[in-house]
Amino acid sequence: MSKLKKMDHFPRGTLEVLLVRAKGLDNSTDFLSNVDPYVILTYRTQQHRSTVATGAGCNPEWNQSFLFTVAGDVSELNLKIMDKDTSTEDDFLGESRIQVEPVFYEGSLPVTAYNVVKGEDYCGEIRVALTFTPEIGSAPSCCDEKQSNVGWREQVVKDES
């Protein structure tokens with residue numbers, strides 16, 4: 001398995017995350033009504049929250065973009081999927097962790113499906129696209145090899161729709 005070459009310096013710029021949709025989310029948290037999912041997106045110390053897909057159930061669509069400032073060491077993007085409840089605390093549906101280093105080399109990654117897990121259990125997928133716009137003079141050095149050793153938690157499947 002090949003790995004990315006280490007960057008000579010840390011990238012600086014803007015990471016755009018296009019949150020498209022989720023599929024097959026667990027709906028066992030709401031017995032009397034549909035799941036009303038939303039996503040908390042976290043990159044390093046920055047956090048954004050999607051709109052609530054009211055009544056969308058297990059297959060919500062958002063089609064929302066979020067911007068994160070990239071400065072410092074490479075990290076991962078965490079997507080925490082929640083179910084909005086009116087009379088009780090919101091329910092945790094699952095999460096997905098996306099390694100963002102490949103987008104620093106490619107510039108953009110198309111809509112891709114990432115596994116959503118809760119504990120060790122698979123509980124659906126979430127589809128996002130990533131775009132990185134480097135600050136002038138801060139683009140990472142070119143690399144010859146790309147990362148191909150992702151675990152089942154980070155399994156990537158190209159979106160065919």
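Trainee: How is the accessibility of Arg-44 to be classed?

Mentor: The model before us is predicted. A residue counts as buried under 20% relative accessible area and as exposed over 50%, with partly exposed in between. Arg-44 has a relative accessibility of 37%, so this residue is partly exposed. Arg-44 belongs to the loop between E2 and strand E3 (46–49).

Trainee: Which secondary structure elements does the chain have, and in what pattern?

Mentor: There are nine strands and one helix. Along the sequence they follow the pattern β-β-β-β-β-β-α-β-β-β.

Trainee: In which sense do strands E7 and E8 pair?

Mentor: Strand E7 (residues 108–118) pairs with strand E8 (residues 121–134) in the antiparallel sense, over eight bridges. Within this pairing, Tyr-114 is opposite Ile-126 of E8. The two strands form a hairpin with two residues between them, and Gly-119 in the turn has a positive phi of about 70°.

Trainee: How many residues form the largest nonpolar core, and which have the most contacts inside it?

Mentor: A core of this kind is a set of buried nonpolar residues joined through their side chains. The largest one here has 30 residues, and Leu-15, Leu-77, Ile-126 and Leu-130 have the most contacts inside it. Elements that give two or more residues to this core include strand E1 (12–23), strand E5 (76–83) and helix H1 (101–106). E8 provides the largest share, five residues.

Trainee: With which residues is Leu-77 in contact, leaving aside its neighbours within four places in sequence?

Mentor: Among the contacts of Leu-77 beyond those neighbours are Val-17, Phe-68, Ile-98 and Leu-130. For the chain as a whole, 67% of the contacts with a separation of 6 or more are between residues 24 or more positions apart. Buried residues make up 41% of the 161 residues in the chain.

Trainee: How many aromatic pairs does a search of the whole structure find?

Mentor: The search finds two. An angle over 60 degrees counts as edge-to-face. This pair links distant parts of the chain, as Phe-104 is in helix H1 and Phe-132 is in strand E8, 28 residues apart. Phe-104 has a relative accessible area of 4% and is therefore buried; Phe-132, at 5%, is likewise buried.

Trainee: Which residue's side chain makes a polar contact with the side chain of Gln-99?

Mentor: The partner is Glu-76, and the polar contact between the two side chains is 2.8 Å. Gln-99 and Glu-76 are 23 residues apart along the chain, while their C-alpha atoms are separated by 4.6 Å. Gln-99 is in strand E6 (residues 91–99) and has a relative accessible area of 36%, so Gln-99 is partly exposed. Leaving aside neighbours within four places in sequence, Gln-99 is in contact with Ser-75 and Glu-76.

Key: Residues numbered from 1 in each chain as written. Predicted model: local features only at pLDDT ≥ 70, side-chain atom pairs only at ≥ 80, totals over all residues. Heavy atoms only, no water. Helix = DSSP H or I, 4+ residues; strand = E, 2+ residues; numbered from the N terminus. Buried < 20%, exposed > 50% of the residue type's maximum accessible area, 1.4 Å probe, protein only. Contact = heavy atoms within 4.5 Å. Polar contact = N/O pair within 3.5 Å; in protein donor to acceptor, adjacent residues only side chain to side chain. Pairing = 2+ DSSP bridges. Core = buried A, V, L, I, M, F, W, Y, C linked by side-chain atoms within 4.5 Å. Phe/Tyr/Trp six-rings, centres within 6.5 Å; stacked < 30°, edge-to-face > 60°.
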